[in-house]
Amino acid sequence: MRITRRQAAIGMVASGLAAGPARAEQAFAEGDWVVSKETTVDLVVVGAGVFGAWTAWHARRAGLNVRLLDAHGAGHARASSGGESRVIRVSYGGDPLYSRMAADSLAQWDVLSQRQSQPILNRCGVLWFSPAGDPYMAKSLAWLRAQRIAHSEGDSAWLRQSLPQIAFNDGESGFIERDSGALIASRAVQAVVADARLVAARYEAKPPVRLSNGAFGVGPFVARNVVYACGPWLPKLFPDLLKGRIVATRQEVYHFAPPAGADGQRYAPLALPVWADFNGGDIVYGFPELEGQGFKLAFDRHGPEVDPDTQDRRVSAEGIAAARAYLAQRFPGLADAPFIHGRVCQYENSSNGDFLIDRLPGHDRVWLVGGGSGHGFKHGPAVGARVARHVADSALPVEPRFSLASKAAVQKRTVY
Ligand SMILES: Cc1cc2nc3c(=O)[nH]c(=O)nc-3n(C[C@H](O)[C@H](O)[C@H](O)COP(=O)(O)OP(=O)(O)OC[C@H]3O[C@@H](n4cnc5c(N)ncnc54)[C@H](O)[C@@H]3O)c2cc1C
């Protein structure tokens, strides 16, 4: 089949290289999309959340011809990667798999952030505190020391002296990872896509159709490889396989306005790091005021199971009251701070918190990527690099902890 000049031009628009993102989005929006069956691409990535965006980025870097699709656009408000901010820390209770991935990812986020006119990584530090002697914290500290990762640590006296805006209890201790901090979530995902010189074309993909030549049909594309990085939508796309193994839960976050003037400066990134209050697996965490969005607070425990398409996105009055009660206890200077806005998002939990990076059974070159389980954002660069390596090298073994076989149907969280 001869490719017409018009088809060639549209193909270039699809790559985002010829006409820029706006025009490619527009071509899709208008249904003005013609792709010759001869233009088989190396990889279609379905889902432009943090995992799909970094997968596409690394695949492009490896020289592959890549298309990126998303039903609603990159880093949109209902995606698990949407919203204002995410914690990036490198200690994981000494778990070498996630600790290394986080450190590797931090370096990549930093490079990308430095290329932006407005940073996407704020290295304001991350405080972790819990009752002294907590085994998870002890293992994190041992890892930080062994890896010579910049941090400060101390008991409740040190904590009080370092961060007087927080009310620490007697017998608590903590540490601050000095080079870690916060990622500006939605904007970061969009920056990854733009840096890859791609657009997330708006298209709702279905499971792949295997063609007679061994390639796969995915919507308007024919691809040699497909990655489905659909976050909480993965079990909706592959229900027989993933229902009960990836479970979306409702999560609320709350923003409060710090006071004006010098008192308010105590909640700005220079004075307050990202913080996590860890109590035997129950985590409350929050952020200094970033990008004028107020002081953010959230409870990390899993909410009720929800459908990401239909869940009610209004923050609950009970949630706001619980957040305020926590503020009164830990951040007395914010006890009466006005609630300014909140968000309802969802985690996409695997049974124990380990990610899913494995093939769709029966399809050598179709990958399922997800299960971020409330801690996946920071790892986007490392996940994307791993998936791109799988696409390029079919002999690369799947990490057993990321395998489909390891995904049980009973929720029992072990990764924090
Ligand atoms: C409130 C909250 C706080 C969190 N805090 C942290 C944190 O502090 N640190 C951290 O590291 N992680 C955190 N996480 C977890 C992290 O944000 C997620 O694990 C991660 O963003 C998941 O990314 P994803 O790419 O897998 O999914 P998503 O971001 O949901 O992306 C999936 C994309 O696939 C698209 N899609 C789905 N189906 C289709 C289809 N059929 N066709 C086309 N497109 C489709 C969707 O539109 C969506 O854009 C948090 C999550 C939440 C919700």
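**Helices, core, domains and ligand shell**

User: How far apart are the end C-alpha atoms of helix H12 (residues 380–392)?

Analyst: At 1.5 Å a residue, the 13 residues of H12 should span 18 Å, the expected span being 1.5 Å times one less than the number of residues. Helices (H or I, at least four residues) and strands (E, at least two) are DSSP runs numbered from the N terminus. The separation of the end C-alpha atoms of H12 agrees with the expectation, at 18 Å.

User: What kind of model is this?

Analyst: Residues are numbered from 1 along each chain as its sequence is written. Local features need pLDDT of at least 70, side-chain atom pairs count only at pLDDT 80 or more, and totals for chains, interfaces and linings use all residues; the model is predicted.

User: How many of the 13 residues of H12 are buried?

Analyst: A residue is buried if 20 or more other C-beta atoms, placed from the backbone, lie within 10 Å of its own, exposed if 12 or fewer do, and partly exposed in between. The buried residues of H12 include Arg-386 and His-390. Their cover includes strand S1 (41–46), H3, helix H4 (96–114), strand S12 (221–228), strand S18 (356–359) and strand S19 (366–370). H12 is largely enclosed by the rest of the structure, because its count of buried residues is 11.

User: Which elements do the buried residues of H3 pack against?

Analyst: H3 has 12 residues and reaches 16 Å from its first C-alpha to its last, close to the 16 Å expected. Of these residues, 11 are buried, so H3 is largely enclosed by the rest of the structure; among them are Trp-54, Trp-57 and Arg-60. H3 is followed by Gly-63, whose phi is positive, near 95°. The elements that the buried residues of H3 pack against are S1, S2, H7, S12, S19 and H12.

User: Which residues have the most contacts inside the largest nonpolar core?

Analyst: A nonpolar core is a set of buried Ala, Val, Leu, Ile, Met, Phe, Trp, Tyr and Cys residues joined through C-beta atoms within 7 Å. The largest one has 108 residues, and H3 gives the most to this core, with seven residues. The core draws at least three residues from each of domain 1 and domain 2. The residues with the most contacts inside it are Val-46, Val-193 and Val-369.

User: Which residues does Val-193 touch, not counting residues up to four places away in sequence?

Analyst: Two residues are in contact if their C-beta atoms, placed from the backbone, lie within 7 Å. By this criterion, the partners of Val-193 are Ala-48, Ala-53, Leu-68, Ala-74, Leu-198, Val-199 and Ala-200.

User: Which element gives the most to the side of domain 1 that touches domain 2?

Analyst: The chain is divided into domain 1 (5–78 + 187–244 + 352–406) and domain 2 (108–184 + 246–349), with bounds from an automatic or database domain assignment; their C-alpha centres lie 31 Å apart. The contact takes 22 residues from domain 1 and 17 residues from domain 2. Helix H7 (185–195) and helix H8 (234–237) are the elements giving two or more residues to the domain 1 side. The element that gives the most, with five residues, is H7.

User: Where does the ligand lie relative to domain 1 and domain 2?

Analyst: A residue is near a molecule or strand if its C-beta atom, placed from the backbone, lies within 6 Å of it. Of the 38 residues around the ligand, Gly-47, Gly-49, Gly-231, Gly-372 and Gly-376 come nearest. Helix H3 (50–61), strand S2 (66–70), strand S3 (85–88), strand S13 (247–256) and strand S17 (339–349) each supply at least two residues of the shell. Domain 1 and domain 2 both give residues to this shell, so the ligand lies between them.

User: Is Met-137 buried or exposed?

Analyst: Met-137 lies in helix H5 (residues 135–146) and touches Trp-128, Ser-130 and Phe-278, not counting residues up to four places away in sequence. Met-137 has 22 other C-beta atoms within 10 Å, so this residue is buried.

User: Is Arg-148 buried or exposed?

Analyst: Arg-148 is found in the loop between H5 and strand S6 (151–155). Its phi is near 55°, a positive value in a residue other than glycine. With 7 other C-beta atoms within 10 Å, Arg-148 is exposed.
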